Amino acid sequence: MSISIRINGNQQEVRVDPEKPLLWVIRDDLRLTGTKYGCGVAQCGACTVLIDGVAQRSCITPVGTLNGAEVTTIEGIDGPEAAAVKAAWTDVEVAQCGYCQSGQVMTATAFLRDVPNPTDEEIVDVMTDNLCRCATYTRIRSALRQAADALEG
């Protein structure tokens, strides 16, 4: 089956089983490897992408449900929130092994687009479902706070 999806602003036609998870279409068919496989059951957040601007787990999203959707991966994320998050992640030196970071950045960026001036509690709540095996949670929260503050000016 041919499925039309927009990935990072580029229209793509992929001939795949419509039940194939978006994660594997992104990684295997389109060769965008920034989105990571973590748990495969939407529990860790490593595979988070934006689908029509909403942070979602690509490991459980059948590509056949996305005909005409706009998908953004870590390779294509941009805008002031993404720039602030990326700068803060680097400044705070969040990454340790880095495996979960693309999912963390995607979740943080989508969150700041929806909640430009979050409380510390809201930051903790939104990032709770993105797991980091290196336990860099304190640095993740600091970076997200720094990004939010930078956007506020």
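Leaving aside neighbours within four places in sequence, which residues is Leu112 in contact with? Glu81, Val85, Pro118, Leu144, Ala147, Ala148 and Leu151. Contact here means heavy atoms within 4.5 Å.

Some ground rules before I go on. This is a predicted model, where local features need pLDDT of at least 70 and side-chain atom pairs count only at pLDDT 80 or more, while totals for chains, interfaces and linings use all residues. Residues are numbered from 1 along each chain as its sequence is written, and side-chain values use heavy atoms, with hydrogens and water left out.

Back to Leu112. It sits in the largest nonpolar core, which has 19 residues. A nonpolar core is a set of buried Ala, Val, Leu, Ile, Met, Phe, Trp, Tyr and Cys residues joined through side-chain atoms within 4.5 Å. Buried means under 20% relative accessible area, exposed means over 50%, and partly exposed lies in between, with a 1.4 Å probe and protein chains only. Val85, Trp89, Leu112 and Leu144 touch the most other members. Helix H2 (80-92), H3, helix H4 (120-127) and H5 each give two or more residues to this core. There is also a second, separate core of 15 residues, including Ile5, Ile7, Val25 and Val71.

A word on labels: helices (H or I, at least four residues) and strands (E, at least two) are DSSP runs, numbered from the N terminus.

Now the helix pair. H3 covers residues 101-114 and H5 covers 137-152. Their axes come within 11 Å and cross at roughly 35°. Axes are lines fitted to C-alpha atoms, for helices over the stretch in contact, and angles run from 0 to 180 degrees between N-to-C directions. From H3 come Gln104, Ala108, Phe111 and Leu112. They meet Ile140, Leu144, Ala147, Ala148 and Leu151 in H5.

Next, the strands. S3 (residues 48-51) and S4 (residues 54-57) run antiparallel, joined by four bridges. Strands pair if DSSP finds at least two bridges between them. Thr48 has Arg57 as its bridge partner in S4. Two residues lie between the strands of this hairpin, and Asp52 takes a positive phi near 50°.

Which brings me to backbone angles. Most residues other than glycine have a negative phi. Arg31 has a positive phi of about 60°. It is found in the loop between helix H1 (22-29) and S3. Is Arg31 buried or exposed? Exposed, because its relative accessibility is 64%. Ala135 also has a positive phi of about 60°. This one lies in the loop between H4 and H5. At 53% relative accessibility, Ala135 counts as exposed.
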